[in-house]
Amino acid sequence: MTKGELAQYYYLCREIEQCERHLAALSHAVESGLSHSELAAVIAEQREELQKARLKAENEKLKIIAYVNNIDDSLTRMIIRYRYLGHLSWQAVAYKVGGSNTADSVRKIAYRYTKKDG
């Protein structure tokens, strides 16, 4: 799995958040007195897009979990899990795995592994 494929899950999660905010804004517009009939189709379309994005994100998450579970080295496994499933910064990943790891060292471990594997 490549670094880009792993990062795709993060962007899908961001897309879901954006869709949820947009849907909430549309629902608020209806509650504020704007024509329900004008917005009903847009709201339904947004809900459908949100559902598709959630399904896609869940599929990507399952692929990443399977990939991570097949990593032999426990440090690399933790790094990739924290970064790509937990959406943590490299600094936070280094803190979580502990030891003398730095943000740069955990990033290099992850990138080397994905380059080797991808």
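Student: Why does Gln46 count as buried?

Tutor: This is a predicted model, in which local features need pLDDT of at least 70, side-chain atom pairs count only at pLDDT 80 or more, and totals for chains, interfaces and linings use all residues. Residues are numbered from 1 along each chain as its sequence is written, and side-chain values use heavy atoms, with hydrogens and water left out. Buried means under 20% relative accessible area, exposed over 50%, and partly exposed in between, with a 1.4 Å probe and protein chains only. Gln46 has 13% relative accessibility, so Gln46 counts as buried.

Student: Where is the place of Gln46, and with which residues is Gln46 in contact, leaving aside its neighbours within four places in sequence?

Tutor: Gln46 lies in helix H2; helices are DSSP runs of H or I with at least four residues, numbered from the N terminus. Contact means heavy atoms within 4.5 Å. Leaving aside neighbours within four places in sequence, Gln46 is in contact with Cys19, His22, Leu23 and Leu26.

Student: What makes Val97 buried or exposed?

Tutor: The relative accessible area of Val97 is 15%, so Val97 is buried. Val97 belongs to helix H4. Beyond neighbours within four places in sequence, Val97 is in contact with Leu75, Met78, Ile79, Tyr82 and Val106. The C-alpha atoms of Val97 and Thr76 are separated by 9.7 Å, with the two residues 21 apart along the chain.

Student: Why are H3 and H4 called oblique to each other?

Tutor: Two packed helices are described by the angle between their axes and the distance between the axes. Axes are lines fitted to C-alpha atoms, for helices over the stretch in contact, and angles run from 0 to 180 degrees between N-to-C directions. The axes of H3 and H4 cross at roughly 140° and come within 9 Å. Angles under 35 degrees count as roughly parallel, over 145 as roughly antiparallel, 65 to 115 as roughly perpendicular and the rest as oblique. H3 and H4 are therefore oblique to each other.

Student: Which residues make this contact?

Tutor: H3 gives Leu75, Met78, Ile79, Tyr82, Arg83 and Tyr84, and H4 gives Trp90, Val93, Lys96 and Val97.

Student: What makes up the largest nonpolar core?

Tutor: A nonpolar core is a set of buried Ala, Val, Leu, Ile, Met, Phe, Trp, Tyr and Cys residues joined through side-chain atoms within 4.5 Å. The largest one has 31 residues, and Leu6, Ile64, Tyr67, Ile79, Ile80, Trp90 and Val106 have the most contacts inside it. Helices H1 (3-31), H2 (36-69), H3 (74-85), H4 (90-97) and H5 (103-117) each give two or more residues to this core. H1 provides the largest share, 9 residues.
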